[in-house]
Each structure stands twice: as C-alpha cells, then as structure tokens.
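User: I am new to this structure and would like to understand the terms used to describe it. Please take me through them one at a time.

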Amino acid sequence: MCRALKVLVVAEDDASLRTLRAAAVSAEWELTPGATTVEDAVAIVDAERPHVIVAFGAFDALTALLRERFPGMRIVADRELSGASVVVTGPQEVRDAVKSAPPSRGPVIGRRG
C-alpha cells in the first residue's frame, strides 16, 4: 500500500527513537526509517523525500537546514527550534500534529547539496 504522506522521525538516541516512532505510527501515513543524527536525517530526507519531520531533541541545525532547503516541509518538534512548524509537549501529541499537515501534493522536491 502506498500512502500519500511520508513522515521521518528523528530523536537523540535509539530508545527515544523507538518510543517516538511508536507514538507516530498511523495507517494514514508511511514512516520512513528513523534517524538519531543530523547526517542520517539529511540522508533519509534526500532518499525518501518525507513531507513531515518529527524531531525530538536538540536538532536546531537540522530544522534550520530543512526549512532552508524545503520551505513547505512541516516540522513537528518538542521544543522551540529554528524552522519548526509546530511545537508539541510530548509524543502523545505527535499524531495530531502530523495530521494537521496540509494535504499532500506529492513528494517534497528540492535542490540537493
């Protein structure tokens, strides 16, 4: 089954990533492989072209870079981060924050490099 919306989850460590991915699971979208580093997240964005990023942790450099490269990307964060679209107080709010994203118009396209 191909879902129209792709979501990338980024957390600071493997345990947090597992918890956050479990909170983000939905039949309404596809979860891409998760990441625990900025480098891995950027590689996944380049390969998978997710529409929404859920970033829990100190990922200000990542969210600023993504906002610059993909101005329309929805970025859900657990704190005020440069480029975040919405800030949630915990994993229990992730699904609603992702759902409030505008309808997909296809994969995010942007310049590479």
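User: Why is Ile 44 called buried?

Analyst: Buried means under 20% relative accessible area, exposed means over 50%, and partly exposed lies in between, with a 1.4 Å probe and protein chains only. Ile 44 has 12% relative accessibility and therefore counts as buried. This is a predicted model, in which local features need pLDDT of at least 70 and side-chain atom pairs count only at pLDDT 80 or more, while totals for chains, interfaces and linings use all residues. Residues are numbered from 1 along each chain as its sequence is written, and side-chain values use heavy atoms, with hydrogens and water left out.

User: What makes a residue a neighbour of Ile 44, and which residues does Ile 44 touch?

Analyst: Contact means heavy atoms within 4.5 Å. Leaving aside residues up to four places away in sequence, Ile 44 touches Leu 8, Thr 32, Pro 33, Gly 34, Ala 35, Arg 49 and Pro 50. Pro 33 is 11 residues from Ile 44 in sequence, and their C-alpha atoms are 7.3 Å apart in space.

User: Why are helix 2 and helix 3 described as roughly parallel?

Analyst: Axes are lines fitted to C-alpha atoms, for helices over the stretch in contact, and angles run from 0 to 180 degrees between N-to-C directions. Angles under 35 degrees count as roughly parallel, over 145 as roughly antiparallel, 65 to 115 as roughly perpendicular and the rest as oblique. Helix 2 and helix 3 pack at about 25°, with their axes 10 Å apart. The two helices are therefore roughly parallel to each other. Where they meet, Val 38, Ala 41, Val 42, Val 45 and Asp 46 of helix 2 face Leu 62, Leu 65, Leu 66 and Arg 69 of helix 3.

User: How do you know which strands pair, and in what order do the strands of the sheet stand?

Analyst: Two strands pair if DSSP finds at least two bridges between them. The 5 strands form an open sheet in the order 2-1-3-4-5, with parallel pairing. Strand 2 (30-31) and strand 5 (86-87) each have a single partner strand and stand at the edges, so one side of each has no neighbour in the sheet. Helix 1 (residues 14-24) packs on this sheet, touching strand 1 (6-11), strand 2 and strand 3 (52-56), and its direction makes about 150° with that of strand 1. Strand 4 (residues 74-77) is joined to strand 5 by 2 bridges, and one of the pairs is Ala 77 with Val 87. Strand 3 and strand 4 pair over 4 bridges, with Val 76 as the bridge partner of Val 54.

User: What makes the crossover between strand 3 and strand 4 right-handed?

Analyst: A crossover is right-handed if, with the strands pointing away from the viewer, the path from the first strand over the helix to the second runs clockwise. The chain passes from strand 3 through helix 3 to strand 4, and this β-α-β crossover is right-handed.

User: Why is Thr 63 counted as buried, and which residues does Thr 63 touch?

Analyst: Thr 63, in helix 3 (residues 60-69), has 0% relative accessibility and so counts as buried. Apart from residues up to four places away in sequence, Thr 63 touches Ala 55, Ile 75, Leu 81, Ser 82 and Gly 83.

User: How many helices and strands does the protein chain have?

Analyst: The protein chain has 4 helices and 5 strands, following the pattern β-α-β-α-β-α-β-β-α along the sequence. Of its 113 residues, 42% count as buried.
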